Amino acid sequence: MSAIVDAYIEIPASRESRDAFVGDGEFSPFNLLLKTLVATPELRYIVLPWDDSWGKIPVVNDRVKIVKPGAISDIAARDVGKAMRAWNHTGSLHGTLMSTAFCAYGNPAQILDHLPRPHPRYVLSLTGHHAFITRETIASTLRVADENGWIQAFYTCDGPLGMIPILVDVFVLDQMARSNTLPQSVFFSMGRFWGYMLGHTPTNVVQCRRAFELATQRGRSFCAAVGKRLRACGALDAETLSATAVVEAGNAEFDAWAGELPQDVEIEITTDRDIEPVYLPKLSRPRAAMSFELFRKIVTQFEPHKDSINLTLGGFGDPLNHPELAAFLKTARPYVRALNIRTFGTRLTEDVFQEFVNTRVDTVNVRFGYWGKEQYLKANNADLFEELSTRILGIRDKQAEHGGAMPFFVPEVVKGLPGDKTLVDFRDEWYKRMSWPVVTSYNTFGGAVEPQQAINLYPGVRKPCYKITEQMIVHADGRVPLCWQDYDCRIPAGDLNAQSVTGAWRGELMRKVRASHQEGDYARHNSGCAKCNEWFRLS
């Protein structure tokens, strides 16, 4: 290997995460990680900030450099980085920009201060939130960097959070520390991760939709269950543990992954909207607006898992049409990890956006349908594109000019024939400033919407639905459908007027459907699941 590389383990700041990382005799991610790094001869040193009160270090030799935990301040905007990553909470298949733990943790100035002199060329960054780093993912990351000539700012692998290390050029680390720049900004300047920057991981690892990290209470419980399963089958050993074994254990622990509360909650606070998009079904259920009392009752139940719940106000209506939206946002903010708005943008003004800033909304997802005057008209039956796009782009540009990063804009179009020729224009316009343009597959809602997609973009091999273990939809009347596809709540999984959130999430129907999906019998409890094409989407 032609470059000098050191590994750096960042110990979690929170006591809960640190205790889970240090672990016990049954499962210790720290012991697993340190032994894995020591067994990697390509690494010059393993740098470990450590306090003796945290416990005993399992391996001590000349390559393990123990340093005192530092007190150098992190990048001032780190909370922004965490918020930008929050709505992609599982893995990196959709791009490492938001997903890598290095975006949410990893203090560049502190890492540089702790590194032995002379500095290495690259640092293998590993946060104490990683539960399962294996020799193969480390070797693959180092191999792709060596084959590429050590010329990129970052190298990593594609896979779930908590399993994938990231290799960072020390020069880039220094630039981030000097300029107080978030890793996300560096990633944005790159445009994307290319294949020659990604090490190989098995297909089932790339496709895994679990997160093996210790940053949240939910994550810690899930990783403990996975560790217990691996230990029971004799696979929890640093020398032999494979990424495939971790993923298989994680997939088997589908009930532990679902947890006591959902990770994503989308609440439709009103069915009212100003346009009638052709890409959404027509509702036959009664029009409704959620009461403030019911909303408050729901969100206050998130308290036990407020470090992991992503709340979106959206559904099939437009939350900006609810007269009490400001009160809803203010009430919800203390109880969730991320607070998001899904809107059609017809009532999004500078004043409304400033309200989002004041209440610390994390993302604003604007649904355009198609991009362009003619295309928008076909998608929404409304000739609003020129005024709407000018107004919203103006809000984005003004935000950027004033140095604001949050809320983060997530403009969205659907992949359909009428809008295909403007997809490049859509991407180029929104990438001019810091935002995350999204193109979603065309959802027919089981035949309720006429398809406009030229080709089938869905994965060829059917697997258990991701949403039923992660996402809860709450309609404006308080009822909980089985999933987003059940737009008229024909198969209710619960009613939050009378039930707790956990009662609905852990209810009989939800548990039966999850189990049947795990067994590959998708139609056992709901025939619609068998023909659904949206099972692979997270939210």
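Student: How many residues of strand S11 are buried?

Tutor: Strand S11, residues 363-369, is mostly covered, with 7 of its 7 residues buried, where buried means under 20% relative accessible area, exposed means over 50% and partly exposed lies in between, using a 1.4 Å probe and protein chains only. Strands here are DSSP runs of E with at least two residues, helices are runs of H or I with at least four, and both are numbered from the N terminus.

Student: Before we go on, what kind of model is this?

Tutor: This is a predicted model, in which local features need pLDDT of at least 70 and side-chain atom pairs count only at pLDDT 80 or more, while totals for chains, interfaces and linings use all residues. Residues are numbered from 1 along each chain as its sequence is written, and side-chain values use heavy atoms, leaving out hydrogens and water.

Student: Back to S11, which residues lie on each of its faces?

Tutor: Thr363, Asn365, Arg367 and Gly369 are on one side, with Val364, Val366 and Phe368 on the other, and both faces are covered.

Student: Which strands does S11 pair with?

Tutor: Strand S10, residues 338-343, runs parallel to S11 and is joined to it by 4 bridges, and strand S12, residues 408-414, pairs with S11 in the parallel sense over 6 bridges. Two strands pair if DSSP finds at least two bridges between them. Val366 of S11 is the bridge partner of Thr343, and Val366 also has Pro411 in S12 as a bridge partner.

Student: And what do S10, H16 and S11 make together?

Tutor: With helix H16, residues 350-358, the strands S10 and S11 make a right-handed β-α-β unit; right-handed means that, with the strands pointing away from the viewer, the path from the first strand over the helix to the second runs clockwise.

Student: Changing topic, what is the strand order in the sheet of 7 strands?

Tutor: The order is S3-S2-S1-S4-S6-S5-S7, in an open sheet with mixed pairing. Strand S3 (64-67) and strand S7 (198-199) stand at the edges with a single partner strand each, so one side of each is left without a neighbour in the sheet. Strand S2, residues 46-49, pairs with S3 in the parallel sense over 4 bridges, and Ile46 stands opposite Val64 in S3.

Student: How many helices and strands does the protein have?

Tutor: The protein has 22 helices and 16 strands. Its radius of gyration is 23 Å, close to the 24 Å that the globule rule gives for 539 residues, so it is as compact as a globular protein of that length; the radius is taken over C-alpha atoms, and the rule is 2.2 Å times the number of residues to the power 0.38.

Student: What are the domains, and how many Å separate their centres?

Tutor: The domain assignment gives domain 1 (29-256) and domain 2 (264-456 + 463-502), with bounds that come from an automatic or database assignment. Their centres, taken over C-alpha atoms, are separated by 32 Å.

Student: What is Ile468 in contact with?

Tutor: Leaving aside neighbours within four places in sequence, Ile468 is in contact (heavy atoms within 4.5 Å) with Trp505, Met510, Val513, Arg514 and His517.
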